[in-house]
Amino acid sequence: MKNTIATLALIAATATSVSAQNHMNSGGVVGKPTDFTWEGVATLPDRCEFHEGNTNGVMELQEDELTWLVTEPAQIGLRVRGLTNVWIENDGMFIGSDGKDFPAVVDYVGDDTYQGVGASFYTYDAETMKYPVRNTTAGKFTANVNERDGDMYITLGGKAYAQPGTKFRTGVSYKVVHTITCID
């Protein structure tokens, strides 16, 4: 709605200046009706905002007591316009509800890049193609938006590994935090 108001204000201002350049005399308006136009340039801001359907994922500690498997992927929905990239970055830590944190190595690929809970990918509302989220050494993945306009959906699945010797505690909740950054 804000974009619509800004655009209408710009058109109204342009229309006023155009009509002021045409002169009237006692005989009426000089020129033909086609000489009077409204011109406006859309100056919409770049956009990156969350929309409906965002949910946290769920992970489960495996028998080795070091590997967490994502059993329900996180779902992130973004509205994008005029952007070049979206960064998906994990904090590299298991954050414990008891205040104790442990280093984490995240594997976004899982067992199958394109199917199942092991899949991490992003897609757009106008496409059926699923673009895989791949592992990076820095824990940050770049989704190439290419200045698309519309809704973008990110699904984060996979696994997270703790270092040998890490002791997770019974009854403590752990999470791996992801940050989404929009780049214009």
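Predicted model: local features only at pLDDT ≥ 70, side-chain atom pairs only at ≥ 80, totals over all residues.

Mentor: What follows is a set of questions on the labels, each settled by setting a value against a definition.

Trainee: Why is Asn 90 called buried?

Mentor: Buried means under 20% relative accessible area, exposed over 50%, and partly exposed in between, with a 1.4 Å probe and protein chains only. Asn 90 has 10% relative accessibility, so Asn 90 counts as buried. Of the 184 residues in the chain, 30% are buried.

Trainee: Why is Glu 65 called exposed?

Mentor: Its relative accessibility is 51%, so Glu 65 counts as exposed. Glu 65 is placed in the loop between strand E4 (58-61) and strand E5 (67-72). Its phi is near 60°, a positive value in a residue other than glycine. Most residues other than glycine have a negative phi.

Trainee: What joins the side chains of Asn 90 and Tyr 108?

Mentor: A polar contact of 3.0 Å joins them. The term covers a pair of N or O atoms within 3.5 Å; within protein, one must be able to donate a hydrogen and the other to accept it, and residues adjacent in sequence count only if both atoms are side-chain atoms. The side chain of Asn 90, a residue of strand E7, also reaches the backbone nitrogen of Gly 92 at 2.9 Å.

Trainee: Why is the pair of Trp 68 and Tyr 174 called tilted?

Mentor: Rings of Phe, Tyr and Trp (its six-membered ring) pair if their centres lie within 6.5 Å; planes under 30 degrees apart count as stacked, over 60 as edge-to-face and the rest as tilted. The centres of Trp 68 and Tyr 174 are 5.9 Å apart and the planes are at 55°, so the pair is tilted. Trp 68 lies in strand E5 and Tyr 174 in strand E15 (residues 174-175), so the pair ties together parts 106 residues apart in sequence. Both residues, Trp 68 and Tyr 174, are buried.

Trainee: Which residues form one aromatic cluster with Trp 68?

Mentor: Phe 94, Phe 102, Phe 168 and Tyr 174 form one aromatic cluster with Trp 68.

Trainee: How do you know that the charged end of Lys 140 sits over the ring of Trp 87?

Mentor: A charge sits over a ring if NZ of Lys or CZ of Arg is within 6 Å of the ring centre and within 35 degrees of the ring normal. The charged end of Lys 140 is 3.7 Å from the centre of the Trp 87 ring and sits over that ring. The charged end of Arg 148 likewise sits over the ring of Tyr 124, 4.2 Å from its centre.

Trainee: Which residues touch the most other members of the largest nonpolar core?

Mentor: A nonpolar core is a set of buried Ala, Val, Leu, Ile, Met, Phe, Trp, Tyr and Cys residues joined through side-chain atoms within 4.5 Å. The largest has 29 residues, and Leu 78, Val 86, Phe 94, Tyr 122, Met 152 and Ile 154 touch the most other members. Strand E6 gives the most to this core, with four residues.

Note on methods:
Residues numbered from 1 in each chain as written. Heavy atoms only, no water. Helix = DSSP H or I, 4+ residues; strand = E, 2+ residues; numbered from the N terminus.
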